[in-house]
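Subject: Structure for you, with notes

Hi,

Here is the structure I promised to send over. Have a look at it first, and then read my notes below.

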Amino acid sequence: MNKNTLIIGFMLFAFFFGSGNLIFPPKLGFESGQFFIPDMLGFILTGVGLPLAVLMIGSKYDGGYQHALAKIHPWFSVALLSAIYLTIAPFFVIPRTGAVAYEMAVLPFLQATNWTSLFIFTVIYYAISLWLSINPSKLVDRIGAILTPILFVTVLALIIIAFIKLGANPASIALPNYDGKAFFIGFLEGYNTMDMIASVAFSVLVMNAISQKLGKRADLFVETTKSGLIAISALALIYLSLGWIGNHLPISSDEMTQVADKGQNIGTFILNKSAVLGFGSSGGVVLGLIASLACLTTTVGLTVSASEYFHKIFPKIGAVKLSYKSYAITFTLIGFILANQGLSAVIDKSIPVLLVLYPITMTAMILLGLHLIKPLPAIAKQVSLALVTMVSVLSVVGVSVPLNEYSMQWLPFAAAGLIVGLIIDNLKR
């Protein structure tokens, strides 16, 4: 394995390792107690395995997901990818990362949140993000070779010190609902990180980076798999470590009451407490640095991928030509404006759209994966996706759908649509 493959893998790790990835594992570790191992295995299977599978599937199609989805239907490709890029980039993740970075890096040092401090922080944050994004040809070196090592070393320092301080502590006591269900709970939590959608956006960046660093003759599938394995190995290691910290960090009943009264996320509380335990009064600064770097690299990755996609699909609107830089500036400004509405507002407005997009994207990825094993007729994919789209919309507007409480309501309809589509194709023949 050469140096460039390693750098691309680190770049991909940094893109995936956003703020949510910091919070989920310690929460699961605390709640799972003595069922920690099966719980974290389930989380890693879907939280890490699904994104890797999506990257590998995309690399097997000439032209990536844009061309692969176009074979289902050209307009479906444009509609789904545009919705994915717009939702997870300027209208959700880009503003969310800025707001989360502020809440973890700045807010702990203030008495209360205020508009001025949020505005100043986001001006600096998005200015740095835009500078990193404006020249995508330098993205691999700036993220993979500079920011990722800083992020990785900082997280490892927190983990190692926590291991030393907490090594003799017993595991927490599992919540009652984990008994016999730990693996499935972890499986659903990893599924709900929605990193699978992000991997659709990041796949084109990985393939472009491979062509740029290793040459156009490089085997995209092999090199994507290598880079993906580097990224998910680092993610899995950090997930397990952060989960272990949550599993062994002592939390009193009074602290749990305070967390509940404040409406604070238990994962955030565990991270803050472990940072103070490891680094003393400067622990908040260390955690703020980790959160800011994790958020920033994700912001940059999404800005670049969304800007490159829309510049390729819509190089001009009417008589107005739109450059890559104009898209990058526009998406950064949208993220900046929305971030200043606050984290809760960003999440509340975006969740319904994500709940519709995720099942459709999952179904499309499964169908494209099956197509690699045995070619499927277009009508089978179209019927399956049409049913899943209908069910996803109905479940979001409040219609009771089986398996909705497990976020799996789309799965039987996807299977039924595939079978119906295959029957229709056979009848046509």
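First, the ground rules. This is a predicted model, so I kept to its thresholds: local features need pLDDT of at least 70, side-chain atom pairs count only at pLDDT 80 or more, and totals for chains, interfaces and linings use all residues. Residues are numbered from 1 along each chain as its sequence is written, and side-chain values use heavy atoms, with hydrogens and water left out.

**Salt bridges**

The structure holds four salt bridges (a side-chain nitrogen of Lys or Arg within 4 Å of a carboxyl oxygen of Asp or Glu). One of them pairs Lys27 with Glu31, with 3.3 Å between the closest N and O atoms. Both residues sit in helix H2 (residues 19-32), four residues apart, or about one turn of the helix. (Helices here are DSSP runs of H or I, at least four residues, and strands are runs of E, at least two, numbered from the N terminus.) Lys27 is buried at a relative accessible area of 18%, and Glu31 is buried too, at 14%. On the wording: buried is under 20% relative accessible area, exposed is over 50%, and partly exposed is in between, with a 1.4 Å probe and protein chains only.

Glu223 and Lys226 make another salt bridge, at 3.7 Å from N to O. They are three residues apart in helix H12 (residues 220-248), which puts about one helical turn between them. Glu223 is buried at 12% relative accessibility, while Lys226 is partly exposed at 31%.

Then there is Glu255 with Lys273, at 3.0 Å from N to O. Glu255 belongs to helix H13 (residues 253-262) and Lys273 to helix H14 (residues 266-279), so this pair ties together parts that are 18 residues apart in sequence. Lys273 is partly exposed, with 23% relative accessibility. Salt bridges with shared partners also join Lys27, Glu31 and Glu189 into one network.

That brings in helix H10 (residues 182-191), which is mostly covered, with seven of its 10 residues buried. Glu189 is one of the buried ones, and Ile185, Leu188 and Tyr191 are also among them.

**The second largest pocket**

How big is the second largest pocket by volume? The second largest pocket has a volume of about 550 Å³. For the method: on a 1 Å grid over the protein atoms alone, a cavity is a set of points where a 1.4 Å probe fits but cannot get out, a pocket is an open set with protein on both sides within 12 Å along at least five of seven lines, and lining residues have an atom within 4 Å of a point. Grid points are joined across faces, edges and corners, and a volume is the space filled by probe spheres set on the points.

The lining of this pocket has 28 residues, and Val204, Leu205, Met207, Asn208 and Glu308 lie nearest the centre. Helices H5 (64-70), H6 (74-88), H9 (139-166), H11 (195-214) and H15 (283-313) each give two or more residues to the lining. H11 has the largest share, with nine residues. By type, the lining divides into 16 nonpolar, nine polar and three charged residues (Ala, Val, Leu, Ile, Met, Phe, Trp, Tyr, Cys and Pro count as nonpolar, Asp, Glu, Lys and Arg as charged, and the others, Gly among them, as polar).

H15 is also the place of Leu302, which is buried at 2% relative accessible area.

**Helix H19**

Helix H19 (residues 410-428) has 19 residues and should span 27 Å at 1.5 Å a residue; its end C-alpha atoms are 27 Å apart, which agrees. (The expected span is 1.5 Å times one less than the number of residues.) Trp410, Ala414, Gly417, Leu418, Gly421 and Asp425 are buried in H19. Down the axis of H19, the buried residues fall within an arc of 105°, so they line one face of the helix; the arc is that of the directions from the helix axis to the C-beta atoms. Asn426 and Leu427, on the other side of H19, are exposed.

Phe413 and Leu385 are 28 residues apart in sequence, with 8.8 Å between their C-alpha atoms.

**One last pair**

Gly49 is in helix H4 (residues 49-59) and is partly exposed, at 28% relative accessible area. Gly49 and Ile232 are 183 residues apart along the chain, and their C-alpha atoms are separated by 7.7 Å.

Cheers
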